[in-house]
Amino acid sequence: MLHPTADELTHGKFNRYELVIGIAKSARLVTDEYVRQRNEAQKAIDEHREGGQTLAQMISPEYRDQKAVKIAVRRLADGTYRMVRRSEQ
């Protein structure tokens, strides 16, 4: 089970369905950033600009070593990501 709990993440403002949608969207952002970093690293390796570094070494450890959902939950918990209803935008 992931910590913090759903109640801690929503602070009573959102239901669990909204929380799942918010985390899924956040995880998609994390995955997109991982893919971007991987593509840049691969391009650098193909062009032989980075001497001696592997593809894994060129990707941020945060994205390389953890699952996207876990990163999204942590970012929601620490305030990096924030859930907003469309009417509040």
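A6 touches R16 and L19, leaving out residues up to four places away in sequence, where contact means heavy atoms within 4.5 Å. That is a friendly way into this predicted model, in which local features need pLDDT of at least 70, side-chain atom pairs count only at pLDDT 80 or more, and totals for chains, interfaces and linings use all residues. Residues are numbered from 1 along each chain as its sequence is written, and side-chain values use heavy atoms, with hydrogens and water left out.

**Around helix α1**

- A6 lies in helix α1; helices here are DSSP runs (H or I, at least four residues), as strands are (E, at least two), numbered from the N terminus.
- At 21% relative accessibility, A6 counts as partly exposed; buried means under 20% relative accessible area, exposed over 50%, and partly exposed in between (1.4 Å probe, protein chains only).
- The C-alpha atoms of A6 and L19 are 7.5 Å from each other, with the two residues 13 apart along the chain.
- T10 also has its place in helix α1, and T10 counts as buried because its relative accessibility is 6%.
- Setting aside neighbours within four places in sequence, T10 is in contact with N15 and L19.

**The loop between α1 and α2**

- H11 sits in the loop between α1 and α2.
- With 62% relative accessibility, H11 counts as exposed.
- Phi of H11 is near 55°, a positive value in a residue other than glycine.
- For background, most residues other than glycine have a negative phi.

**Helix α2**

- Helix α2 has 31 residues and reaches 44 Å from its first C-alpha to its last, close to the 45 Å expected at 1.5 Å a residue; the expected span is 1.5 Å times one less than the number of residues.
- The buried residues of α2 are L19, G22, I23, S26, A27, V30, Q37, A41 and A44.
- Q42 belongs to helix α2 and counts as partly exposed, at 32% relative accessibility.
- Q42 and K13 are 29 residues apart along the chain, and their C-alpha atoms are separated by 42 Å.

**The loop between α2 and α3**

- Q53 is found in the loop between α2 and α3.
- Its relative accessible area of 36% makes Q53 partly exposed.
- Not counting residues up to four places away in sequence, Q53 touches I45 and M58.
- A separation of 9.5 Å lies between the C-alpha atoms of Q53 and A41, which are twelve residues apart along the chain.

**Where α2 meets α5**

- The axes of helix α2 (residues 16-46) and helix α5 (residues 68-78) come within 8 Å and cross at roughly 115°; axes are lines fitted to C-alpha atoms, for helices over the stretch in contact, and angles run from 0 to 180 degrees between N-to-C directions.
- The crossing of α2 past α5 is right-handed, a label used if the near helix is turned clockwise from the far one by less than a right angle, with anticlockwise giving left-handed.
- On the α2 side the contact is made by L19, I23, S26, A27, V30 and T31, and on the α5 side by A68, V69, I71, A72, V73, R75 and L76.
- By class, this contact of α2 with α5 has ten nonpolar, two polar and one charged residues (Ala, Val, Leu, Ile, Met, Phe, Trp, Tyr, Cys and Pro count as nonpolar, Asp, Glu, Lys and Arg as charged, and the others, Gly among them, as polar).

**Helix α5 and just beyond**

- I71, A72, V73, R75 and L76 are buried in α5.
- The cover over the buried residues of α5 includes α1, α2 and α4.
- Just after α5, G79 takes a positive phi of about 95°.
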